[in-house]
Amino acid sequence: MAIRRIWHYTKQYKALLFVSMVTLIFSIVLDLVSPYLASLLIDDYIVGIEKPWYRIEEKVEQSVYYNGHYYIQERFAKDRSILNEDEKASIILINNRFYFSGQYIVDGKKTIAEEGRMLWVEKDDGETIAYYLTPLSAEEVFHFYQPFIKPVTIIIFIFALVSVASIFLIFLYRICFLKLGNRVTYDLRRDAFIKIQKMPISYFDEIPAGKIVSRITNDTETVIELYSQSLVVFTQAAIYFIGIYISLFSLDVTLAAFSMLLIPLLVVWGRIYRKKAKHNNEVIRSENAEINAYLNESIKGMEVIQAFNQEERSYRKFMNHNDRYAEYRQKMVVLNSALSGNMVRLLRRAIQLAILLYFGWGALGFYTFISVGVIYAFVEYMNRLINPINQIFGNIDVLQQSLVSAERVFFLLDQPEEVMEQGDGPCFERGEVEFRNLSFAYEKPNYVLKDINLKVKPGQTVGIVGHTGSGKSTLMNLLLRFYDYEEGSILIDGVDIRKYPKQSYRRRVGIVLQDPILFTGTIASNIKLNNPSITDEKVEEVLIAIGAESFIRKFSRGIHEPVLEMGSNFSVGERQLISFARAMVYDPAVLVLDEATANIDTGTEQLIQHALQVVKQNRTTFVIAHRLSTIKDADFIVVLDQGRLIEQGTHDELMAKRGKYYEMYQSQLQHVTD
Ligand code: ATP
Ligand code: MG
């Protein structure tokens, strides 16, 4: 149902669509008019000099003087009574020379004799008539052409006008359709982007970024062709088709009715084609997405690929997709020439055969009432019918591709969104956090968190420790509502966090991610995140407060130092400091710090330690720490082990207990002293 959805987008631009269609239709009409004008010019005027001339008594308007008499053609005579059937003369063009004959020359095989002074005309019945001829000088010919000048000028003028108008209209409808296509693509992209921002984080775990990018860029791009090509071609074809059928019906109803049999044939053929093409195009589009996804991954991971000599393997994996893409493209080429090209050839033969049969029977006495003229015209029209069919089948491929692409975009747009209360509104104040019987699995039945119970008073600092993969980040992901949980609940100030409006909730809960993300821009823009209420002074103040002053001084441009994509020009520690500041300026009531696992030098570690001291004041803070020294003075510490909360208490209590925490602490001390 991609078409209906596309219509939904198109109808936003009804006026543009209307203008596009009207200009297109007019350009087609003009296109049909110009050959008519040309034939008029040739048949009636240029060759029209050979039509009968009447010798008349007196000079009248549009008459021509020649050799002592006045001559006029029937169509130029205002008063027809002056024309006498016995006074007809002829002008005839033979071998590039004009001749005058005092008599009207009948149809037949003409032979010139006596050095151009005699003409023999052999009629169909075998009788031969002789005429006297007078060769005409150029000047005399010009005289005879005099009456034509005005109408010919008018026709040429109209012809020129029509040509110019037609060129202009073609220009106009092309622009309009492209504009329409651009607008719709623009809207599709906009909606797709809005959509991905509403997706739950789990969606991005499942779908590689490159694939999403491919849907939003390549697939929407292909939709443009629906307007710039398919719509134009199909409208043109439809108009020609209808026009030709009208002509057919006005010629001969029975014949035309018979030729209607063509339509179901075309429909069935189109269906078969569509079905086959759809599958191929789906593979093509999805392989295109795979290529994008793999490219994206490879470029990001080029360091690993090169460092570990993975070029060959990586190349093969890429080529798998590339090969399959090429293979299906080739399949489409074969399908197109087999089904659409041959279709047209087959039709042409079928039509010819049908006409032969029909008129063959006619000759045997079944339909004796059909004239030769009708047969000729009919064959001619049927031949012309092939053109639009040819066009439709030549473009059905493009149409199919656009539709498949559109379906892919709509598939993305139809994905379920993050279930969350939208908008702004009152949120919690104090920041008392409680996890109640919380269990969670990214993919069931692999539970990553198992029955977590934890209560944190406002303003407390909680250290979360545990081996890698024990579920520390996951616990915080749930608190930040990146993922939806089903079993158990998380409450802040006694209310389930899912009940709070999303925007205000996110403003009250700050985060410093384990792998800090920076965006292209400057240090300041990464901290402010485009919030105009945060001034440069405020940014500097926060940076100084968390002790990042020396780090900022390092740069000549200070807080306006540019940040490259993903912050690749900063170290992990520096990135973390920037995201500390980012969390700080929003002054959240609950703050989550996921310490970076990467090795940070002692200097930076002290910096971060200090920053932490500042940041945690006046808010409920969760600190996921790998260096246990970081959280030694936390209000209390929880220990996670394979998704279970196994220990809880202050540093001293846990040390005294000699459990898991004690074990971990001891082993870390060991490392430090090593
Ligand atoms: P680390 O100390 O290394 O940061 P962690 O305690 O933060 O570890 P989590 O990131 O919470 O560990 O991961 C806990 C488990 O959940 C891991 O076994 C991991 O395989 C799994 N996991 C994490 N993220 C996802 C995800 N997006 N989809 C599926 N499974 C995931
Ligand atoms: Mg983690």
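Visitor: What about C176, buried or exposed?
Guide: C176 counts as buried because its relative accessibility is 8%, where buried means under 20% relative accessible area with a 1.4 Å probe and protein chains only. This is a predicted model, in which local features need pLDDT of at least 70, side-chain atom pairs count only at pLDDT 80 or more, and totals for chains, interfaces and linings use all residues.
Visitor: And C427, buried or exposed?
Guide: C427 is likewise buried, at 18% relative accessibility.
Visitor: How many disulfides are there?
Guide: The whole structure was searched and zero disulfides were found, a disulfide being a pair of cysteine sulfur atoms within 2.5 Å.
Visitor: Switching to pockets, what volume does the largest one have?
Guide: The largest pocket holds about 2,300 Å³ of space. Its lining counts 50 residues, of which I201, F482, R506, L513 and F519 are the closest to the centre; residues are numbered from 1 along each chain as its sequence is written.
Visitor: How does a pocket get defined?
Guide: On a 1 Å grid over the protein atoms alone, a pocket is an open set of points where a 1.4 Å probe fits, with protein on both sides within 12 Å along at least five of seven lines, and lining residues have an atom within 4 Å of a point.
Visitor: Which residues sit closest to the centre of the second largest pocket?
Guide: That pocket, with a volume of about 700 Å³, is lined by 23 residues, and I3, F234, R274, I392 and L399 are the closest to its centre.

How values were computed. Chains lettered and ligands numbered in written order. Heavy atoms only, no water. Buried < 20%, exposed > 50% of the residue type's maximum accessible area, 1.4 Å probe, protein only. Points joined across faces, edges and corners; volume = space filled by probe spheres on them.
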